[in-house]
Amino acid sequence: MSRDIRAIAEKWLNSNIEESEKEEIKALLKDKDALAEAFYKDLEFGTGGLRGIMGIGSNRMNKYTLGMATQGLANYLIKSFPNEEIKVAIAHDSRNNSRFFAENTAAVFSANGIKVFLFEDLRPTPELSFAIKHLSCHSGVVITASHNPKEYNGYKAYWNDGAQLIEPHDKNVIAEVNAIKSIDEVKFESNPKLIETIGEEIDAIYLGKVKSQCLSPDSIKNQHDLNIIYSPIHGTGYKMVPRCLKELGFTNVHLLEEQSTPDGNFPTVVYPNPEEKEALNLAIKKAKEINAELIMATDPDSDRVGIAIKDNKGEYILLNGNQTGSLLTYYTLNRWQELKKFKGNECVIKTIVTTDLIRDIAEYYGVTCYDTLTGFKYIAALIKQLEGKEKFIIGGEESYGYMVGDFVRDKDAIASCAMIAEMCAYASDHGQSLYEMLIEMYSKFGFYKERLISITKKGMKGEEEIKNMMSNFRENPPLSFAGSNVEKVTDYQKGTAYMIKTNKTESIDYPKSNVLQFYTANGYKVSMRPSGTEPKIKFYLSANTKLAKVADYEKVSKEVDALLDKIEQELNLN
């Protein structure tokens with residue numbers, strides 16, 4: 001065992017922490033492996049901020065790691081905004097300890113003389129983003145671990161534009177946190193006079209903004225009784241999504257009873273993640289009973305949404321994040337064209353690992369499509385950069401997160417559910433199902449299919465294995481995929497794009513990030529990166545072809561599946 005790990009643990013043991021927690025550390029000191037996992041590093045900000053397993057230790061989510069993060073953020077805010085009354089907003093999800101962590105965060109901010117707006121109860125993450133801008137806050141925090149397993153919790157920090165921290169702020173906050181040498185330096189004594197409770201007044205204004213994005217009110221009126229099932233998967237959407245849909249005019253929305261109660265143990269699912277088919281099993285069962293047209297399910301903090309629709313055989317199929325994001329882009333841009341809203345300066349934004357079908361759709365409508373690194377903080381940063389020059393319409397990423405309009409600066413499952421339901425009503429109003437709209441989109445713009453492979457590698461050993469996998473692909477890059485030669489290799493860590501045919505290397509204008517992408521002659525794309533929020537390495541496979549006839553959909557779908565199978569096999573990940 002490294003002496004540093006023991007020294008850090010003993011430093012915690014001798015600090016001003018609860019006696020019960022000192023006993024936990026004493027027990028860990030007798031277990032070499034458990035001690036190493038709890039103290040081998042400090043929790044770091046990834047694409048989603050601070051996130052980890054709850055428990056005692058520097059590598060765990062607890063009152064103290066959260067306190068040090070908050071103290072560091074408070075110190076940075078005080079330095080960044082001298083002679084100002086600094087204001088922050090705080091929200092939390094339904095996870096175990098989330099309210100406790102939110103109140104502790106409020107206590108530390110207030111102890112540092114910072115005005116706090118604390119939501120009275122659990123709220124969706126996008127509403128926190130909205131509240132920061134609406135209340136002219138300098139920063140904000142939401143306590144959530146999004147769709148991670150129940151053992152996790154997290155801390156997402158936001159800047160004054162309502163977006164998550166990016167450079168230089170994230171690095172500067174980390175520097176401030178690292179400058180805190182002891183837990184005893186954290187000010188935990190709350191100043192109640194500086195903490196103001198907020199709730200319904202923000203809910204109403206936020207929902208008003210969501211409803212203002214509506215493009216087809218007549219279709220909603222005509223199809224108001226559209227049969228919809230919604231599940232919050234024990235999370236924060238349990239009130240806001242049904243209320244939003246009702247206020248839009250939908251009269252036949254069924255809240256899935258078994259998953260309607262907020263519960264940090266997520267008792268009805270293995271993972272509270274709408275990307276997982278298992279998480280939607282109960283909703284699909286209910287949909288079959290009542291013949292629902294649309295199923296929507298959001299994750300615990302309501303920033304991601306997964307949907308299921310009926311195919312032409314009446315079977316429920318789950319759409320992946322690329323399909324839903326592409327459909328939303330197609331519907332929104334098509335309606336903008338029909339309503340003659342375009343002025344020539346519009347844009348959509350997606351991440352580099354999200355389907356390029358969105359780019360093809362945008363180009364058809366004369367709309368610019370931008371790519372950013374993975375993480376909505378980069379999409380929000382680009383929106384801010386383009387303010388006053390280009391009009392952002394819609395954006396998204398393959399991991400089931402979308403943003404409609406720019407009044408929120410993070411992915412927003414409340415606004416997404418509203419737009420998905422509206423899109424379904426519009427399709428029904430025009431004699432079409434969402435499944436038929438999906439195939440229509442493929443026949444117009446090309447049949448893209450993607451596959452995500454996530455490999456979990458836990459702990460210190462896992463971290464090293466992920467590092468070695470990325471190094472191996474850098475040092476021994478694949479020459480072809482599914483019989484199509486690799487023509488370009490983009491390395492976001494080096495900031496380069498290498499053209500194999502011409503043997504030329506170009507610079508790329510992105511922040512440095514540990515991502516590799518391989519592009520082939522046939523338009524296939526393979527991307528790989530370690531997750532910023534989970535102990536995983538992710539591989540994103542994409543293949544595409546033409547869909548000449550709608551009738552050929554199933555045949556062509558199988559052909560593209562075979563291509564993706566071949567690419568996966570050639571990656572040799574087992």
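I number residues from 1 along each chain as its sequence is written, and my side-chain values use heavy atoms, with hydrogens and water left out. As the model is predicted, local features need pLDDT of at least 70 and side-chain atom pairs count only at pLDDT 80 or more, while totals for chains, interfaces and linings use all residues.

Entry 1. I looked up the total and found 37 salt bridges (a side-chain nitrogen of Lys or Arg within 4 Å of a carboxyl oxygen of Asp or Glu).

Entry 2. I looked at K26 and E23, whose salt bridge spans 3.3 Å, N to O. Both sit in helix α2 (residues 19–28), 3 residues apart, about one turn of the helix; helices are DSSP runs of H or I, at least four residues, and strands are runs of E, at least two, numbered from the N terminus. K26 is partly exposed at 38% relative accessible area, and E23 is partly exposed at 44% (buried is under 20%, exposed over 50%, partly exposed in between, with a 1.4 Å probe and protein chains only).

Entry 3. I found E167 and K171 joined by a salt bridge at 2.6 Å, N to O. E167 is partly exposed at 49%, and K171 is partly exposed at 49%.

Entry 4. I checked K525 and D356, which form a salt bridge at 3.3 Å, N to O. K525 lies in strand β22 (residues 525–530) and D356 in the loop between β12 (346–351) and α13 (357–364), so the pair ties together parts 169 residues apart in sequence. K525 is buried at 7% relative accessibility, whereas D356 is partly exposed at 21%.

Entry 5. I noted a network of salt bridges linking K156, D303, E397, D410 and K411.
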